[in-house]
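Open the model in your viewer and keep the selection tool at hand.

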Amino acid sequence: MARVAIIGGGPAGYEAALVAAQLGADVTLIEATGAGGACVLSDCVPSKTFIAASNVLTEIHESAELGVAAKEASTDPVAVNGRVRRLATQQSADIAQKLVNQGVNIVYGRGALRVDKGYNYVHELHVVPLEGEPFDADADVVLIATGATPRTLTSAPVDGERILTWRQLYDLKELPEHLIVVGSGVTGAEFASAYLAMGSEVTLISSRDRVMPHEDAEAAETVGRVFVRRGMDVRNHSRAAAARRTDTGVEVELDDGTVIEGSHALICVGSIPNSDNLGLHAYGITVDERGFIPVDKVSRTNVPGVYAAGDVTGVHALASVAAMQGRIAIWHALGEAVRPIKLAHVAANVFTDPELASVGVTQADVDSGKVDCRGVMLPFASNPRAKMLDRTEGFVKLFAWKSSGIVAGGVVVGSRASELITPIALAVEQRLTVEQVARTFTIYPSLSGSVAEAARQLMEF
């Protein structure tokens, strides 16, 4: 029986553990915080739960056009954050129970690699549990899935009270009166959108010419316009030089000398991999200059029998990618048939309001001539269901290869874009043609009807 040791219990780790158990391995999962890791307990699950509450407020505030106006909508931040914490804890418990039911041995604590004793491809780990005595364990396969931690700035010392990372927001007892968000990437844009809907005054500091500079330009600009229309102060071409506490709140100084005063500052400037204190260098595992563990398309490190998955690898920082990396690692390690991960087929979503989702070929690829594709964009302003819902901001954009008509990618901006991107992702993965998509029956009226309509328009070429 193969012995599999997994360090880290987030999506990469627990999904890998489930696969290994199903394949009959002896599986030990080592996790410091709880099943599901930071993704479930402090990152993805909590943030999306909080955003779900903010979306309800947006619909209430913008329902007057439907003839159903609410005179007053109250927000209880303690109740909202309590629900956030409660659901995260429940999800973690559910994952733990599933792992136990599958026969996975969960050790709550920390683990690290130790230089092996010289016999072939057997790895030794030193485990320090939260309760009990440290012990050593042997494994035939090791998966490192330790995730990442919010990056902070020395010029903006985080105190957990006024200057915060996104993991500390749920400890607040009241909504920030004026939240200054430093960083306009995915995380910064999501929290800026959510707190604006919750009723906070929000200033978003963006060092580039638009929010979410790495997303589709037209899509990001659409989201940015909605932010401004709803009252957000978006400072493009601005970079935060420092953040300091004051007697009444915080002040954020920009590199041009401008000082913005607020009640709280949220630092969203990326993440750093959790690759320290794992014994990687002593073990001979390659770690790049930023601390990420390079892996190939089946999640192998440079040391035989040692794999890595998730945010610690520096591949797309998405739970879905981490989970797939973890599964692929175990399938490969235990000799199962496996297909290398296809990052070009990964669907991603930004949970702003409106949402922004994308998959496959990008507009930049088309415009630069990198790919020989044709595209079409359909605004939701022409979609009957969007009109009924009064959610006409955004669009569906579809790309297809000129030579074959096979769907190559797409972008959706709008309400529930995270759901609408799935048929496009399915078409990309299964190499469907625009004709096949166009001939698929859709509900009338529906937002997804715009996907089929875009395909019909591409058929004309």
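How do the residues of the lining of the second largest pocket divide into nonpolar, polar and charged? They divide into 8 nonpolar, 4 polar and 1 charged; Ala, Val, Leu, Ile, Met, Phe, Trp, Tyr, Cys and Pro count as nonpolar, Asp, Glu, Lys and Arg as charged, and the others, Gly among them, as polar.

The model is predicted: local features need pLDDT of at least 70, side-chain atom pairs count only at pLDDT 80 or more, and totals for chains, interfaces and linings use all residues. Residues are numbered from 1 along each chain as its sequence is written, and side-chain values use heavy atoms, with hydrogens and water left out.

**The loop residue.** Select Asn 383, in the loop between β20 (373–379) and α10 (384–389); helices (H or I, at least four residues) and strands (E, at least two) are DSSP runs, numbered from the N terminus. Asn 383 is buried, at 3% relative accessible area (buried means under 20%, with a 1.4 Å probe and protein chains only).

Select α11 next, which gives 4 residues, the largest share of the lining of the second largest pocket.

**The rings.** Finally, select Phe 50, Tyr 170 and Tyr 195, which form one aromatic cluster. The structure holds 2 aromatic pairs (ring centres within 6.5 Å).

Terms used:
Buried means under 20% relative accessible area, exposed over 50%, partly exposed in between (1.4 Å probe, protein chains only). Rings of Phe, Tyr and Trp (its six-membered ring) pair if their centres lie within 6.5 Å; planes under 30 degrees apart count as stacked, over 60 as edge-to-face and the rest as tilted.
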